[in-house]
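Hi,

Here is the model I promised to pass on.

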Amino acid sequence: MEEPLAHRQPPLLRILTTGFVIVWLVIAAFPFLWTVWGSFKVEGDFFSRANWLNAIFGPATTLQTGAPFTGNGYYGAWVVNGLWRSVMNTVIVTICVTVISLTFGTLGGYALARSGRRYSFFVLIAALIFRAMPHITLVSGYLLPFFQLNVWGYLPTAIIVLVAINQPFTLWMLHSFFLSIPKDLDESAMVDGCSRFQAFRLAVIPVMWPGVITTGLFSFLLAYNDFAVTSMLLSQDNQTIVPRIASFLGSIEETGKVMYAVAAVVSATVPLFILVMFFQRQIVSGLTAGAVKG
Amino acid sequence: MPHRTFLLFILPSLLAMVVFIAAPVVSVAIQSLFVAHDKVMVSVQSCSPFGCTDDVHVDNKATEELQKREPLGKFNGFGTYIDRNHLAFDEVGAILGDNAGFGDAVGRIYALPFYRALAFTLVYTFVVTPLAMLLGFITALAVNTVPGWIKGPVIFFSLLPMIITPIIGSLMVYWMIDANAILGVALQNLFHDPNLYLKASAPLTWIVLLLYGIWTNGPFSFVVFYAGLQMVPKDTLESAMIDGANRWDRVRFVVVPYLTPLATFVALVQLMDNFRVFEPVVGFNAQANASSLSYSIYSDLNGQFSQLFSSAAATSMLTILGVIVLLIPVLVRTWREFNLKAV
């Protein structure tokens, strides 16, 4: 489609904006591409003082392993260091957190959206304040009671804590999503003789999935990306990927096995790549929905 | 909706928040008023052929028992808040009473651990937030004008710095600025200083952390502003053009006012999130040069020999106080909006 003349940019401005976008694209993408590519090299190439091109072509990698690419880092991270155990923990934690958060959140968000009373507003305000609490300050409140109750270190403890930390955001998102579903829908179901819960189950649940999926993505991200809670509340054996990477970092750099860490970091990025690739639209709409609704 | 039904629906969520968010804050408040017990000392007289000596040593059993009986420790009031590692009233008083000029006083106060962490936290919050928003806004304006095929990849790659696990993102950048890695070497060549090492100097560490913050926070503003730009009414832009507004005028007088409510929202979210900056400090291994409030809580809890619960709790309370100060404008605004709606 030909743009109207009045909207067309002068050539200089067009070059400037395109140039800026390309520069931003490089800045945003480069660390990822660099690390993914470099994770298949040996340390001498990835950290090459002589020439950064070594990290691209890998002369030392060829010398040491016979090929320009090597999976040694991945072997070290997954097999030698047993990353797969942390991966299992991460799978359990993220799935449980997402499912429980969404269950609690849809019930609560629905109630908040349908009750116009003053106390529902206070619940939302309280959630806003809770949302702002730094996670590490909460962690310092958990530790002593958890030690006393003898529940420190276990996956269920971390899961329920992450669910709770996630609730304020989930409530706000789903509350504003349920506001966009017409009241008439469940009210007409109730006129037809449904109870409130039946109306929710039969009339609202079938149409709520887009909002739930979007919110679920963010619940997943929170659980997956968390470091404060999982690093402080899980014992060594139960650690998820992120605290695991942070904890074996120190010991790895001493023995010159930094490439294990690089490979582990790249492995931990893969799920996020996939998430953005398939759910880009939902992530964007979730971010903007929160912003537009305030 | 009847009260009972509302309560039933909200109960699981409310319970989770009360037990795991509200209660820990109370728990932190209580912990901050106590300190660990002193070790129970016993004095034992040991006699040898050469005479008797009094040995004082720790009675581990009694100490443990005391710890079990009163796990919180002994009551200390606000003692922890004003000690050297927190607000340091005595030290600050001494510095203010006796110093060689303003610079000297600031330098010495900055040497106190709490004020160091506070300084970095505040600088990070108030430098990263506006600059990241500016970056996001410019990117949104630029992406809005480029041809369609480039928009998809730009949004894809822009989302990555935002959703990447903070500690993993900072590790990736940390490895790139290593003295032997691509960016580290490039900077050494640029400044002709083979010893230039980003991690070794405090100002450079701060700059790296701030740039990292802008990199990872910019995309959020970009996505929100880009979505906002799609909703700026075309008619208003066109009538502004007919009235003779050039590009710059249109941005300034049409686009910016239209995006202001979005910008307020983004600013508030970002201020809250940046105030708890924590993972980048761990990822960049920067605690020696740039510690944040959240990091000092973490390091208290992660102590080599013992966990300093009361110290962590006191810092936590001070941090929460800071968060509440930041939150007050939001709360006031939401309250007003709700009352408007009610009328």
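**What I found**

In chain A, the axes of helix α6 (residues 83-114) and helix α12 (residues 209-225) come within 9 Å and cross at roughly 135°. Axes here are lines fitted to C-alpha atoms, for helices over the stretch in contact, with angles running from 0 to 180 degrees between N-to-C directions. Helices (H or I, at least four residues) and strands (E, at least two) are DSSP runs, numbered from the N terminus. α6(A) and α12(A) are therefore oblique to each other (under 35 degrees counts as roughly parallel, over 145 as roughly antiparallel, 65 to 115 as roughly perpendicular, and the rest as oblique).

On the α6(A) side, the residues making the contact include T90(A), V93(A), V97(A), S101(A) and G105(A); on the α12(A) side, V212(A), G216(A), S219(A) and A223(A) are among them. Contact means that the C-beta atoms of two residues, placed from the backbone, lie within 7 Å. Sorted by class, the contact of α6(A) with α12(A) has seven nonpolar, nine polar and no charged residues (Ala, Val, Leu, Ile, Met, Phe, Trp, Tyr, Cys and Pro are nonpolar; Asp, Glu, Lys and Arg charged; the others, Gly among them, polar).

Before you go further, a word on conventions. This is a predicted model, where local features need pLDDT of at least 70 and side-chain atom pairs count only at pLDDT 80 or more, while totals for chains, interfaces and linings use all residues. Residues are numbered from 1 along each chain as its sequence is written, and chains are lettered from A and ligands numbered from 1 in the order in which they are written.

Chain A has 15 helices and zero strands. Its radius of gyration is 24 Å, well over the 19 Å that the globule rule gives for 294 residues, so chain A is more spread out than a compact globule (the radius is taken over C-alpha atoms, and the rule is 2.2 Å times the number of residues to the power 0.38). The C-alpha atoms of chain A fill a box of roughly 75 × 70 × 30 Å along the principal axes.

Chain B comes to 14 helices and four strands. At 27 Å against the 20 Å of the globule rule for 343 residues, chain B is also more spread out than a compact globule.

As for the interface, 81 residues of chain B are in contact with 80 of chain A. Helix α1 (residues 3-31) of chain B gives the most to chain B's side, with 17 residues. That side divides into 65 nonpolar, 13 polar and three charged residues.

Cheers
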